[in-house]
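Keep the structure open as you read.

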Amino acid sequence: MDIVQVRDLRFKVSIPEATLKARIAELGAQISKDLNGERPLFLCVLTGAFMFGADLLREITTDCEIAFIRVASYAGTASTGDVKQIMGLTENVEGRSVVIVEDIIDSGLTMKELLALVQAKGPKDLRVAALLVKPEKLQVDLNIDYCGFEIPNDFIVGYGLDYDGEGRNLKNIYTLIPPMKNIVIFGAPGSGKGTQSDLLVEKYGFKHISTGDVLRAEMKAGTELGKTAKQYIDEGQLIPDDLMIDILASTYDALCPCDGVIFDGFPRTIPQAEALKEMLAKRGAQVDAMLELQVPDEMLVERLVNRGKTSGRADDNEETIRKRLAVYHAQTSPLADWYEQEGKRNAIKGYGEIADINAALCEVIDAI
Ligand code: AMP
């Protein structure tokens, strides 16, 4: 599987199992050659290096021993930089060749502590075998005798490495995919949702789901869905929730994975908002912000009547516009309070310069 979910985060394969295996075989061959006849003691650092240690040992062809030590320095996705506990070095290493087996070296602080600890016990020779090294993160001078892969400063899981305790069982190494942003752009018909969505798509590379556009495409293509939708749209009414919710889920899944999605024209009712919340939760995501464009009604009518001169939309005539606004106030505007209670609502003045409105929206998105 190329993409996996571990707890609330998504990861993509960065080092496949076969590549790991091939490189570990090379490391094993090199170490066996360098320490031939030395009866090395491999000190495997728990917990992360257990898999690497097990596979590396199977590639060692000279007599050897393995022992385990345990240190803790990670909380969540960032190194705390201090080694919290070291325990378990009970073996006598005096006069022996010792190889510390570590899964990953980033700041190098843990390894430095370990080296000092083992060195103090008088080994004849002390080496480091690390599967992964993050050169950009190294804060100390370290001599890493055997390095599997140099990797960028991304958060990774799999092959023994965890994210908050999970993901160690994965056979490949995976890199974090930055969490997607899900943004609801909200407001009455004519409030500028489409215009602002286009600008946000351009700036952030997000995908844009306009349920109105989806329905108009269906109408144009003359599908059954399009025919059903037309009856409601021509009357300025909303399409039934269950139909809209299905359409939304399939449209969303077709666009993902991506950096983010802007929901424009959905949700329009509280059941739709609840369905969106549930749909995103099932996918390990959430609505990150609701951006509400506030525009007075008379300005909306004027904008839509003007738009109707060129939009070609049958529902952009004054009579239907007034019906759509009435439907908005009755069925959709209560969602503002719903999102307020969810702690997601951001009200923004939706008139004035387009660029100024956009800047206000970007400020919210940048703070997510
Ligand atoms: P819009 O382009 O967003 O103004 O949508 C045009 C019309 O499509 C609306 O007036 C509704 O009839 C229908 N529509 C779009 N999105 C939804 C939705 N989420 N729920 C119900 N009807 C919708």
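Ala, Val, Leu, Ile, Met, Phe, Trp, Tyr, Cys and Pro count as nonpolar here, Asp, Glu, Lys and Arg as charged, and the others, Gly among them, as polar. By that scheme, the shell around the ligand holds 8 nonpolar, 5 polar and 3 charged residues. The model is predicted. Its protein chain carries 12 helices and 17 strands. The radius of gyration is 29 Å, well over the 21 Å that the globule rule gives for 368 residues, so the chain is more spread out than a compact globule.

**Overall build**

- Along the principal axes, the C-alpha atoms fill a box of roughly 95 × 40 × 30 Å.
- The domain assignment gives two entries: domain 1 covers 3-177, and domain 2 covers 181-366.
- The C-alpha centres of domain 1 and domain 2 are 50 Å apart.
- Buried residues make up 34% of the 368 in the protein chain.
- Take the contacts with a separation of 6 or more: 72% of them join residues 24 or more positions apart.

**Ligand shell**

- The ligand is surrounded by 16 residues.
- The closest are T211, G212, L238, I239 and G265.
- Which helix gives the most to this shell? Helix 5 does, with 3 residues.
- Helix 5 spans 211-221 and helix 6 spans 224-234. Each supplies at least two residues of the shell.

**Nonpolar cores**

- In soluble globular proteins, nonpolar side chains tend to be buried together.
- The largest nonpolar core in this chain has 44 residues. L43, I100 and V101 touch the most other members.
- Strand 9 (residues 125-133) provides the largest share of this core, 7 residues.
- Another core lies apart from the largest one. This second set has 28 residues, among them I185, Y252, L276 and A289.
- What does I100 touch, leaving out residues up to four places away in sequence? The partners are L43, V45, L114, V118 and V128.

**Cis peptide bonds**

- The bond from L46 to T47 is cis, with omega near 0 degrees. T47 sits in the loop between strand 3 (41-46) and helix 2 (50-57).
- The bond from F266 to P267 is also cis, with omega near 0 degrees. P267 belongs to the loop between strand 15 (260-264) and helix 8 (270-282).

**Positive phi outside glycine**

- R7 has a phi near 50 degrees, a positive value in a residue other than glycine. R7 is placed in the loop between strand 1 (3-6) and strand 2 (9-15).
- Is R7 buried or exposed? R7 is exposed, because 12 other C-beta atoms lie within 10 Å and a residue with 12 or fewer counts as exposed.
- D164 has a phi near 45 degrees, again positive in a residue other than glycine. The loop between strand 11 (156-157) and strand 12 (173-177) holds D164.
- D164 has 14 C-beta neighbours inside 10 Å, so D164 counts as partly exposed.

- P257 lies in the loop between helix 7 (241-255) and strand 15.
- P257 counts as exposed because it has 11 C-beta neighbours inside 10 Å.
- Leaving aside neighbours within four places in sequence, P257 contacts I3, R10, I177 and M180.
- P257 and M180 are 77 residues apart along the chain. Their C-alpha atoms are separated by 8.0 Å.

**A275: a buried helix residue**

- A275 is part of helix 8.
- Why does A275 count as buried? A275 has 20 other C-beta atoms within 10 Å, and a residue is buried if 20 or more lie that close.
- A275 and L248 are 27 residues apart in sequence. In space they are 9.7 Å apart, C-alpha to C-alpha.

How values were computed: Residues are numbered from 1 along each chain as its sequence is written. This is a predicted model: local features need pLDDT of at least 70, side-chain atom pairs count only at pLDDT 80 or more; totals for chains, interfaces and linings use all residues. Helices (H or I, at least four residues) and strands (E, at least two) are DSSP runs, numbered from the N terminus. The radius of gyration is taken over C-alpha atoms; the globule rule is 2.2 Å times the number of residues to the power 0.38. Two residues are in contact if their C-beta atoms, placed from the backbone, lie within 7 Å. A residue is near a molecule or strand if its C-beta atom, placed from the backbone, lies within 6 Å of it. A nonpolar core is a set of buried Ala, Val, Leu, Ile, Met, Phe, Trp, Tyr and Cys residues joined through C-beta atoms within 7 Å. Domain bounds come from an automatic or database domain assignment.
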